[in-house]
2 protein chains.
Amino acid sequence: MSVKTPNVIKELSAEKGYKAWLQYNEITDESLKAEYSSYFASLSVTEDSPILNAAVEELTLAANAMLGKDMTIYNYFTDDATIILGTYQTIDVEEYGLSADEVKNLNDEGYVIKSVNQADTKKLVLVGKTDKGVLYAAFQLLRFMQTSNSIDGLHHVEQPKNQFRMMNQWDNMDGSIERGYSGNSIFYDENGFTGDLTRIKDYARLLSSVGINAISINNVNVWEVETNLITSKFLPEVQQIADIFRAYGVQTFLSINFASPIQIGGLATADPLDAGVQKWWAEKVEEIYKYIPDFGGFVVKADSEHRPGPFFYDRDHADGANMLAEALAPFNGVVFWRCFVYNCLQDWRDRSTDRARAAFDHFKPLDGKFLDNVVLQIKNGPMDFQVREPISPLIGSMEKTNQVMEFQVAQEYTGQQKDLCFLVPQWKEYLKFDTHAKGEGTTVDSIVNGSVYDFKYSGITAVSNIGNDANWTGNTLAQANLFGYGRLIWNPDATSEDIADDWVRLTFGDDKNVVETVKGMLLDSWHIYENYNAPLGVGWMINQHHHYGPNIDGYEYDVWGTYHFSDRDGMGVDRTMETGTGYTEQYFSPNKEIYNSLETCPDELLLFFHHVPYTYELKSGKTVIQHIYDTHFLGFEQVEGLITRWNSLEGKMDDYRFNNVKERLHMQLKNAREWRDQINTYFYRKSGVPDAKNRTIY
Amino acid sequence: MSVKTPNVIKELSAEKGYKAWLQYNEITDESLKAEYSSYFASLSVTEDSPILNAAVEELTLAANAMLGKDMTIYNYFTDDATIILGTYQTIDVEEYGLSADEVKNLNDEGYVIKSVNQADTKKLVLVGKTDKGVLYAAFQLLRFMQTSNSIDGLHHVEQPKNQFRMMNQWDNMDGSIERGYSGNSIFYDENGFTGDLTRIKDYARLLSSVGINAISINNVNVWEVETNLITSKFLPEVQQIADIFRAYGVQTFLSINFASPIQIGGLATADPLDAGVQKWWAEKVEEIYKYIPDFGGFVVKADSEHRPGPFFYDRDHADGANMLAEALAPFNGVVFWRCFVYNCLQDWRDRSTDRARAAFDHFKPLDGKFLDNVVLQIKNGPMDFQVREPISPLIGSMEKTNQVMEFQVAQEYTGQQKDLCFLVPQWKEYLKFDTHAKGEGTTVDSIVNGSVYDFKYSGITAVSNIGNDANWTGNTLAQANLFGYGRLIWNPDATSEDIADDWVRLTFGDDKNVVETVKGMLLDSWHIYENYNAPLGVGWMINQHHHYGPNIDGYEYDVWGTYHFSDRDGMGVDRTMETGTGYTEQYFSPNKEIYNSLETCPDELLLFFHHVPYTYELKSGKTVIQHIYDTHFLGFEQVEGLITRWNSLEGKMDDYRFNNVKERLHMQLKNAREWRDQINTYFYRKSGVPDAKNRTIY
């Protein structure tokens, strides 16, 4: 038996792409196979729940595929089984050398995996605080096995460090995906649902296997058709999807249109302080929960990039969010209110307005005004998912307001899943950044996990990178970002190296050459991408709208607030307190002073914070202009190196995945060449400073 | 009775916009009305033909609307009538003081209008060489009357100076118009025909009234659906349209897909030298002529911007064009083969390739190889309808090959019918340019009218600027370009001033203030537009794809071959023979030397031909950079002036047209402001040279 292949995989050759990190390859090492097989004789599941059933199904599937074993399943507790599966209340855990407290003291999604040698029988106990813990235990056990670890003597205790571990789909009901780079939506097509529940279930498996526990299933830009997702027209199908995700421990959310009361409610207003509007939302929420009793709540993009919101009624974000939160509160629903709010009609001539300031300026004054089931959703940086930005200063700045951080797994600005860019090292830097909000050591992860300010709701969310391409993510190596996102936010202390190592082994197997080569490529890739892109944190030198490829002045004279201010003498954005936009003021000390001062500002963010001459000497000892030339020549050469490294793996994996990545690396090389030459030429023409190494600049 | 208002005019208020220059307003001057009325008692038409019927219909309509007269119509020759209408063979012209030779010696579209006082009866004789001449005479007579000229003692002899006076619709069958700025197609909708024959007839009236005698009714980019226009699926409806145009003396053409034999013929090839392909086209042409016996022929964009063509089969343009010409020859059909052929995948790094050279390089070597029913269709400039380009050096360079020149009435690069840009002065410059092809005085108009090289087919064609907006052209003042195009190519010796004067009087009436103001606005507008655009002939500093608004580097690092090469020291494209691309070599002496030399090259084309420092002093005495600043500040102020001028006309015309233009002038002001500030800022940042007048540059 193999994992069921949905229709979407037209060619069987793509199957390994489709299976991603849940390959469940047959174990070829005879001694390991014997060890594993001794545990996979029979399975006792102590309760009946959709989530436990999913765990059993996954283990059964894997036993069959990896070991050729067909386990006997007992739907009740029995010590006769070799694998015992259940929550801690249903198993006498002390029988297996565990203390009840060890499990009881975990959070609701924690678990313990223990292998036991009793007499001559080997046993595996997978015990969760709740059934979700059991499912996570099952996936972890299978990861151990897929990465060729012995499971003898196992005693593995885990719990997630973040409460919400969420995925935002930016899928539209016409089937398109905003910022989607791997085909169309797996959820929607032609203004309805695809009905491909097999594919949705497999997505749920992928998400659950890395610990994702929440999903919003439609784009934060909610257009006309999607506004109807919260009506009886579409809720039965949303319910079907929620049922699938629920079985994998994933709670379903919807993005809503703030103007819904007008658009679908027939009201004349969407004013959050209007009693009729409040009633409409209360009834609407009640209706939704009839379909989906554990519905998560709403994700809201309001008063942002032309989307409707409370501003239209002279209300503020708290008014808007609280109105929805009141409606959701009786059902324990939550409002994720996005803080991506800025003036998107800025006059480029206006040097006083600074888009980077906007989220903080809008939201910080509202601290304390939000209800406790409102969560502010804050992008990691103050701009928009550039390859290099400082942390958003809003993170940690609001003590009385729940916050989650938003990442973008979709590579909108980082190569669009043509170019390789493994983002875990970038996310890790954000999570381990010390905000100093409550003194030294107030790292971002300690804020977003809710521990610093004791948020009721906390965690991390991200924009998904999957579509209906056979391999989900376009570039097969982009699967590593989906995997890595889940694994990292489960445990931000995990290293990028370990996450990459795991992913490669799970995806391509244990061949040392493959593991070291691919892992090295992944770990180098973010810096390579940064090398050939907009330099030193300045960002945005991209083609408008689609955002792929260089266009140095692409946004320079436009309304979006994204400028680099290059002239013949220098470049960069002065965001200092003394002579600039004062953005640096939004940080806690000493970050404020570090960023504000040219002397202490780190090189990689120099042009984000300062306008300097091309001849300014970096801490690296190079001038800005020579740094630009050097990194851009280097970045291109590094992509050539990626191709050489990848080509060395020919024959070591299936053709589909080998060729898929190879093709994309060649696209990346073309892209890197354009970046190199356009950036170098642009700045050479402008600065007149020749390359110290006299390389070709056009 | 008023001109029938089609459904498209939702508001009657737009009716004056719809009627364009065929207002036929009631004559309010009593003495003129009496004079005209004395002629408009009865009408004798000597033959029965659709074209003569159209002439009668137009005169009847106008008599009714302008004079309140219902003429008696005699469908035979009778001297009893006050107006006598017919070809010279059917009227004893000497009876009316004309010699038969005077008409006979005219070309086929010539005519004479003569008013005669016989005893106490006034008579008007409209006599044509053919029935088309009669129709043109009718429109000219009505123009005299609409512009308040006495028609007593009239003896007006005219004939067009160009043979083909053509219009190219760039309409797609989905209803869109490539480079359309005034709504959707009047011909097509939803991959079929609109069926709005009333509107098409009114378009035919507009075209015929200004002497257009040929039209191609679909986009030169022929996509999948449009490829089927030459099949039985669509030919019956093409026939309906051709019937309408025929009655107004306009011959119908179709743009075809060179790959038709494959796409709709089921053949494996479209190779022009393949006998099967030749046979397929021969049969296809025969089929078309069954529907449209006077079908004009094909317009072909081949091997250009990714359209299929003979290159794919290692054949040349002559092979491709001649194959189609052979098929059309038995029916006197003609192939218009477009010369807009260049490498649209140029590497911007490559300074040796020059798009400006392309048409000449491709076609000049083929002189003499084309059949005599092939006409090369050559854009006026070597690039693509920029606000300022030199003449295409291909014009006049091929003695043995029929040539027509292509203008663009649609304002793709000249304000898109938001900004005012009356193009007649520009076209006039091209037509009166002295190519020196056969020595001094070999003006462009003498080449394209066929007289220099005795072309079998010759003339001028242009991209249309109309759509289904109520007023046809978006900006009501853009109607002047459609009118002016027709009038100018009928007689290139007409002055821009006279054409503008006529148009304003016909459109808005005789109010002196209105006439002088609008005429002045029209005549100034091209230079105003040029002032705030890309400077000194360099062109192309525009947003990609849609081509509206500034983007100085928009095409600078792209594949389209359109660059300005600005650096911190200077700008412009070196097209000289010594150090540049050698493009200047393509001109005849002395133009070759004039353009090639920095000393003699005219200022307005300086950057088209030369790369110079910003501090280079123009013949005007200004430096290039100061010229840039001055013209851009001036251009913006001039648009403010246009608004003031237009506003002075409030109350002097209907609200629809007044407001329509006013709105667009405000769009133009916004556009001019962006051009001014982006251009000035860009070049200030790059050059570092301050404005001598210290005005605000951002």
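These are my notes on a few spots I looked up in this structure.

**Ground rules.** I'm working with a predicted model, where local features need pLDDT of at least 70, side-chain atom pairs count only at pLDDT 80 or more, and totals for chains, interfaces and linings use all residues. Residues are numbered from 1 along each chain as its sequence is written, chains are lettered from A and ligands numbered from 1 in the order in which they are written, and side-chain values use heavy atoms, with hydrogens and water left out.

I checked UniProt, where an unreviewed entry puts "domain: Glycosyl hydrolase family 67 catalytic" at residues 145-472 of chain A. UniProt positions follow the numbering used here, feature names are shortened, and annotations may be inferred rather than shown by experiment. For that span I got 26% helix and 15% strand, with the end C-alpha atoms 24 Å apart. Helices (H or I, at least four residues) and strands (E, at least two) are DSSP runs, numbered from the N terminus.

**Cis peptides.** I found a cis bond between A:Ser589 and A:Pro590, omega about 0°. A:Pro590 sits in the loop between β17 (570-571) and α18 (591-596) of chain A.

**Positive phi.** Which loop holds A:Phe385? I placed it between β14 (374-379) and β15 (402-408) of chain A. A:Phe385 isn't a glycine, yet its phi is about 55°. I also looked at A:Trp472, another non-glycine, with phi about 75°. A:Trp472 lies in the loop between β16 (459-463) and α15 (479-490) of chain A.

**Buried or exposed?** A:Phe385 is buried at 6% relative accessible area, and A:Trp472 is buried at 1%. Buried means under 20% relative accessible area, exposed over 50%, partly exposed in between (1.4 Å probe, protein chains only).
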